[in-house]
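User: Hey, can you walk me through this one? I'd like to talk salt bridges, then strands.
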Amino acid sequence: MATWSRSNDHSWPVFLLHLLLIFAKQTEAELRYSVPEEVKEGTVVGNIAKDLGLEKAHLTDRRLRIVSGSENTFFSVNTNNGALQVRRKIDREELCHGACLMELKIIVESPLEMHHVVVEVTDVNDHSPSFLDKQQHFEIAEHTAVETRFQLQAATDPDVGGNSIRTYTLSSNDYFDIDVSQSDEDKIPFLVLKKPLDREKRKKLLLLVTAIDGGKPPRSATLNVSVTVLDINDNRPSFSQDVYQVQIYENVSVGTVVAQVSATDPDEGNNGEIQYIIAKALQPKIYETFEMNSLTGEIKLKALLDFEEFEIYKIDIEASDKGTPPLTGRCRVVVKIKDVNDNSPKIDVTSLSNTISEDSKPGTTISLISVNDEDSGLNGKIISRILNDVPFELKPSYKENMYSLVTKEHLDREKVSLYEILIQASDCGNPPLSTVKTLSVQVSDVNDNSPRFEKSPLQFYLPENNAAGATVLSVSATDIDMNENAAISYHIVREGSRDDVTAFLNINSENGQIAALKSFDFETLKTFQFQVVATDSGTLSLSSNVTVNVFILDQNDNAPVILYPLSSNGSAEGVEEIPRNVNAGHLVTKVRAYDADIGYNGWLLFSLQEVTDHSLFGLDRYTGQIRTLRSFTETDEAEHKLVIMVKDNGNVSLSATATVVVKVVEPKEAFAASDVKSAANDDEGNYVTFYLMITLGAVSILFIISIIVLIAMQCSKSTDYTSKYLQETNYDGTLCHSIQYRSGDKRYMLVGPRMSIGSTIVPGSHANTLVLPDRRRTSEEERM
């Protein structure tokens with residue numbers, strides 16, 4: 001921006017030219033038209049589009065119109081052809097006292113232009129002259145000198161120019177002529193005595209004065225004048241000066257003496273005693289504003305003054321003596337009103353748009369603002385500014401007191417969506433007066449923000465055996481934009497491979513609810529991962545994605561399976577033979593079972609449901625071992641039936657039953673088998689103790705490691721929500737195996753099923769399948 005200095009006189013023309021070039025785009029020209037008053041509605045004043053060089057085809061798109069508040073009630077613009085038309089009847093006399101010029105502001109958008117149109121309303125002769133009073137009486141002394149003048153009441157006509165009062169005529173008579181005197185812009189009629197009066201011949205005269213205007217055809221009004229001839233009073237009052245000049249401020253109080261006039265009369269007695277009156281005036285406002293003291297000649301204020309309504313009053317004063325007839329002298333008092341700062345500035349805001357897009361460039365115009373003050377001088381000099389801290393500024397126009405409200409920086413609706421702009425206009429009076437106007441500007445949204453998920457990745461835990469087609473989980477994203485820019489739709493990223501789990505997932509694109517089209521089985525699938533994409537509905541849509549980790553939670557959906565005993569037909573039945581001479585604590589057999597579930601759902605307990613003799617056999621509830629409780633006697637039966645129930649520890653437990661038939665044989669028959677089996681049982685007992693110690697030690701170590709890992713992860717304050725699996729450990733024996741993992745700030749342990757001695761977990765199996773040695777085959781081999 002160039003800086004101009006007052007010291008360089010040669011730079012001022014260049015500076016002015018620079019300013020004119022800056023504002024040339026906003027205003028192209030000032031047009032002048034004229035239209036007579038009283039014309040019909042729709043009368044074309046002129047063609048704005050043609051005079052401004054605008055194309056008629058683009059007038060509607062460019063929104064050619066008159067700015068609201070600029071005489072818009074009388075004129076309108078035809079947007080089809082650009083014609084300026086009269087909107088309603090115009091009465092010039094109601095609007096103007098003299099010349100009637102109406103200034104219009106014309107706005108054209110895209111690009112923004114403002115033009116000024118001045119329409120002069122010309123006068124038509126639509127008013128007749130009128131006299132304030134229909135009659136006027138004169139008392140004129142005889143011997144009054146010829147050529148003596150007597151002021152008649154002046155007629156008034158609201159019309160101006162050639163339509164105003166042109167002349168006065170007097171009815172035919174022998175004594176008087178009429179003469180019109182031009183006083184300033186007023187025409188004042190006078191009766192002029194053309195020959196001496198003789199009261200003895202004629203005491204009273206009746207005359208008719210006609211006021212005629214200059215219209216075509218002319219209009220007129222009449223005044224009845226009566227003249228009474230009196231005896232002589234040959235000296236009239238005389239004022240000390242013909243014109244009195246007075247200046248007063250408009251805020252003086254009612255009752256203030258504005259001026260005092262003084263007249264003298266050399267006559268004596270009643271002929272020299274003077275009284276004062278305000279003469280018949282052209283301005284009726286004079287009688288409402290001033291009053292006269294008839295004895296002292298003081299003129300007092302009768303009503304409050306207003307400089308903005310009348311700046312000057314011309315008061316004609318008459319001084320009359322009390323002679324017979326009375327004589328009158330005249331003078332004029334000119335009262336000039338001085339302005340005081342009693343009007344606050346007015347702000348007129350023409351809002352081209354109260355909404356602005358947040359991606360608007362700095363310098364974008366949103367409103368045109370004009371200010372005015374009815375006071376004059378410094379009292380009417382206005383300084384405008386924006387009070388609050390907003391990203392807008394006022395740029396002055398080439399025309400005084402005209403501004404453009406423009407953006408001065410980039411906007412962001414997500415930070416501020418509505419601006420309340422406080423515009424202050426202050427005058428330079430003492431003290432100054434000011435006005436504050438609030439302009440609300442709404443910032444409209446553009447799609448400049450992507451949808452966001454609250455967390456990434458997302459963790460969900462889904463119980464197995466879910467209902468196919470039901471909603472299993474839900475994702476949600478937010479977008480700080482608004483309306484369609486914040487309307488989010490969801491979809492799942494599908495890989496298209498044969499083993500892609502997402503083929504069985506269906507997402508509601510509107511609310512992000514995800515339904516599973518099949519039921520998941522923990523024993524087959526423990527966890528899977530997929531991605532969800534959230535996309536907004538903006539014109540240029542934006543999107544973001546999130547990884548979803550799903551962990552399948554085990555349910556007690558598998559009943560225990562009996563592994564031993566098993567008969568040849570597949571039923572859980574077996575026959576065990578033992579010698580009659582075995583001692584108490586003898587291992588008869590061991591029921592073996594497994595459960596595909598994990599944790600408590602796979603933790604098995606054994607119980608005797610049926611037994612022939614409760615005193616003879618006992619069952620270990622944890623190992624499934626059946627042992628003798630006492631030695632056999634001769635009275636004991638040779639065959640005993642035991643029904644064993646195997647039950648898991650789920651919330652709703654599942655169970656299976658096995659039947660063991662124990663046959664008691666003589667020692668000779670079972671000697672060999674008994675020895676072999678006893679040795680195997682002793683080894684097995686030793687193995688149970690050994691595996692139990694290993695299992696308990698391993699679980700303890702695993703528990704300590706889990707605690708250490710948990711403490712370490714809490715100290716590191718990791719924000720990674722991905723599950724971290726510990727190494728899967730398999731145990732032999734009657735305890736359980738477990739899988740430990742961490743998700744966020746939670747730790748989970750998946751506990752596997754109870755296993756019998758000698759059983760193993762197949763590595764990589766999701767079903768926790770147990771492989772056990774065939775005990776029956778071993779027994780047969782031993783017998784062989």
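Predicted model: local features only at pLDDT ≥ 70, side-chain atom pairs only at ≥ 80, totals over all residues.

User: How far apart are the closest N and O atoms of R332 and D316?
Analyst: They sit 2.8 Å apart, and the two residues form a salt bridge. R332 lies in strand β23 (residues 328-338) and D316 in strand β22, so the bridge ties together parts 16 residues apart in sequence.

User: Which residues are linked with them in a network?
Analyst: E318 and R330 join D316 and R332 in a network of salt bridges. The side chains of E318 and R330 meet at 2.8 Å, N to O. That pair links strand β22, which holds E318, to strand β23, which holds R330, twelve residues apart.

User: Is E318 buried or exposed?
Analyst: Buried, with a relative accessible area of 19%. R330 is partly exposed, at 26%.

User: How many salt bridges does the count come to?
Analyst: 21. One of them pairs K89 with E38, with the closest N and O atoms 3.0 Å apart. K89 is in the loop between β5 (83-86) and α3 (92-95), while E38 is in the loop between β1 (30-36) and β2 (44-47), 51 residues away. K89 counts as exposed, at 53% relative accessibility.

User: Switching to strands: what order does the open sheet of four have?
Analyst: The order is β16-β23-β22-β19, with mixed pairing. β16 (243-249) and β19 (274-278) are the edge strands.

User: How many bridges join β19 to β22?
Analyst: Five, and those two strands run antiparallel. For Y276, the bridge partner in β22 is A319.

Definitions and conventions. Residues numbered from 1 in each chain as written. Heavy atoms only, no water. Pairing = 2+ DSSP bridges. Salt bridge = Lys/Arg side-chain N within 4 Å of Asp/Glu carboxyl O. Buried < 20%, exposed > 50% of the residue type's maximum accessible area, 1.4 Å probe, protein only.
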